[in-house]
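Q: I'm new to this one, so please take me in for a close look at one spot. Start there, then tell me how the surroundings are put together.

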Amino acid sequence: MAYFPMFVELENRKVLIIGGGKVALRKAEKLMPYGPEITVVAPEICDELSLMQGVRAVKGSFSDELLLNADIVIAATDDRELNKHISELCRSEKIPVNTVDDSELCSFIFPCLIKKGSLSIGISTGGASPTAAISFKHKINDLIPDNTEEILDYLNGLRVPVKAMFPEEKTRSRIFKELFELCISSGRPLTEAETEEYLKNVR
């Protein structure tokens, strides 16, 4: 069965990672741009992870009580029995859990990610072929303009004034579609003068 792609707000959410090696490091690196509070617990924690800004590193063994304040859990140890125990505990407490390299123990999985500013694209094959997911990631990434972040910031900045000028949702939808297409064809956000000229001529 395929996984349903769902985007989750992680700002200030408490993420617990059990494990302190390179795999745990990669998970933390993927999550960090989305603003969670990450705690890593393991008897040994690699230097890159322990020194990562925004990560709280705790040297020690896993205990069930660690789950009490966790919103999301990642089991990234090399002990499958421990990972299975963590997964079962999380499922009983309805805490989303990812068990690295063991989809049977996961309630969610990490997709291949493309992130450019507020644009996030996740690609998953449901574990069938990580190689295919990575290949598609590269192909999609090549289609995205380098200045996508600036274009999205520009469009986001127009949401309030355009809504005030054009109360009808259908009109606003058409305006933002046309503005986006103009930005893509120009290869950049429109200037203030260009924007004013466009909005003045909206019918």
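A: T191 sits in the loop between α7 (169–186) and α8 (192–200); helices here are DSSP runs of H or I with at least four residues, strands are runs of E with at least two, and both are numbered from the N terminus. This is a predicted model, where local features need pLDDT of at least 70, side-chain atom pairs count only at 80 or more, and totals for chains, interfaces and linings use all residues. Residues are numbered from 1 along each chain as its sequence is written, and side-chain values use heavy atoms, leaving out hydrogens and water.

T191 counts as partly exposed because its relative accessible area is 38% (buried is under 20%, exposed over 50%, partly exposed in between, with a 1.4 Å probe and protein chains only). Y154 is 37 residues away from T191 in sequence, yet their C-alphas are 9.5 Å apart in space.

Now for the inside. Beyond its neighbours within four places in sequence, I74 is in contact (heavy atoms within 4.5 Å) with residues including V15, L31, N98 and F110.

M6, by contrast, lies in the segment before β1 (14–18) and counts as exposed because its relative accessibility is 59%.
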